[in-house]
Amino acid sequence: LSDCLACDNCMTSEEGARVFQQNQKELFRILNLNKKCDTSKHKVLAVSVCPQSLPYFAAKFNLSVNDAARRLCGFLKSLGVHYVFDTTIAADFSILESQREFVQRYHRRNQEEHALPMFASACPG
């Protein structure tokens with residue numbers, strides 16, 4: 001979240017409460033609590049890794065992207081994270097959905113005044 005522009009265009013007030021939970025201090029607080037309590041009372045921790053971050057780690061540690069992904073996943077699990085998800089497929093679905101919408105709008109361009117232009121965006125953070 002350090003790159004977030006805090007534009008509030010990506011979330012509602014309900015999601016704002018969730019953003020609070022996505023920070024280093026909160027992660028380590030939960031990891032420490034999980035170490036101290038019975039496993040039946042552990043909070044489940046899930047981490048999502050975006051495809052843009054993996055080449056950074058790969059370059060920084062002179063690894064292939066696949067090796068960087070495996071090592072990052074192993075590191076997070078060694079800390080106590082339960083699940084690590086790669087969000088590449090979500091980005092792929094987003095691109096496919098934008099493509100589908102554009103084709104529909106393009107075919108309606110002569111019938112609807114505001115069919116085009118179509119603007120699409122992704123959060124720069």
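Student: What should I know before I start reading the model?

Tutor: It's a predicted model, so local features need pLDDT of at least 70 and side-chain atom pairs count only at pLDDT 80 or more, while totals for chains, interfaces and linings use all residues. Residues are numbered from 1 along each chain as its sequence is written, and side-chain values use heavy atoms, with hydrogens and water left out.

Student: Where is the confidence lowest, and where is it highest?

Tutor: pLDDT is the predictor's confidence in each residue, from 0 to 100. The protein averages 81, and 78% of the residues score at least 70. Helix α1 (residues 13-20) has the lowest confidence, with a mean of 57, and helix α4 (residues 65-79) has the highest, at 94. Where pLDDT is low, the predicted coordinates should not be read in detail.

Student: Why is Asn-34 called buried?

Tutor: Buried means under 20% relative accessible area, exposed means over 50%, and partly exposed is in between (1.4 Å probe, protein chains only). Asn-34 has 7% relative accessibility, so it counts as buried. This residue sits in helix α2. Leaving out residues up to four places away in sequence, Asn-34 touches His-42, Lys-43, Leu-45 and His-82, where contact means heavy atoms within 4.5 Å.

Student: And what makes Asn-62 exposed?

Tutor: Asn-62 has a relative accessible area of 72%, so it is exposed. You'll find Asn-62 in the loop between α3 and α4. Asn-62 also has a positive phi of about 55 degrees, although it is not a glycine.

Student: How do you know whether there are any disulfides?

Tutor: A disulfide is a pair of cysteine sulfur atoms within 2.5 Å. A search of the whole structure finds zero of them.

Student: What is the span of α2, and how does it sit against the expected one?

Tutor: The expected span is 1.5 Å times one less than the number of residues. Helix α2 (residues 24-36) has 13 residues and reaches 19 Å from its first C-alpha to its last, close to the expected 18 Å.

Student: Which residues of α2 are buried, and why are they said to be on the same side?

Tutor: Glu-26, Ile-30, Leu-31 and Asn-34 are the buried ones in α2. They cover an arc of only 135 degrees around the axis, so they are on the same side of α2. That arc is taken from the directions from the helix axis to the C-beta atoms. On the other side of α2, Gln-24, Lys-25, Lys-35 and Lys-36 are exposed.

Student: Which residues are buried in α4, and what do they pack against?

Tutor: In α4, Asp-67, Ala-68, Leu-72 and Leu-76 are buried. Seen down the axis of α4, they fall within an arc of 160 degrees, so they line one face of the helix. The buried residues of α4 pack against β1 (46-49), α3 and β2 (83-86). On the other side of α4, Asn-66, Arg-70 and Ser-78 are exposed.

Student: What makes a set of residues a nonpolar core, and which is the largest one?

Tutor: The members must be buried Ala, Val, Leu, Ile, Met, Phe, Trp, Tyr or Cys residues joined through side-chain atoms within 4.5 Å. The largest such core has five residues: Val-49, Leu-54, Leu-72, Leu-76 and Val-81.

Student: How do you know that Leu-54 is buried, and what is in contact with it?

Tutor: Leu-54 has a relative accessible area of 8%, so it is buried. Leu-54 lies in helix α3 (residues 53-60). Leaving aside neighbours within four places in sequence, Leu-54 is in contact with Val-49, Val-65, Ala-68, Ala-69 and Leu-72. Leu-54 and Ala-69 are 15 residues apart in sequence and 6.3 Å apart in space, C-alpha to C-alpha.

Definitions and conventions
Helices (H or I, at least four residues) and strands (E, at least two) are DSSP runs, numbered from the N terminus.
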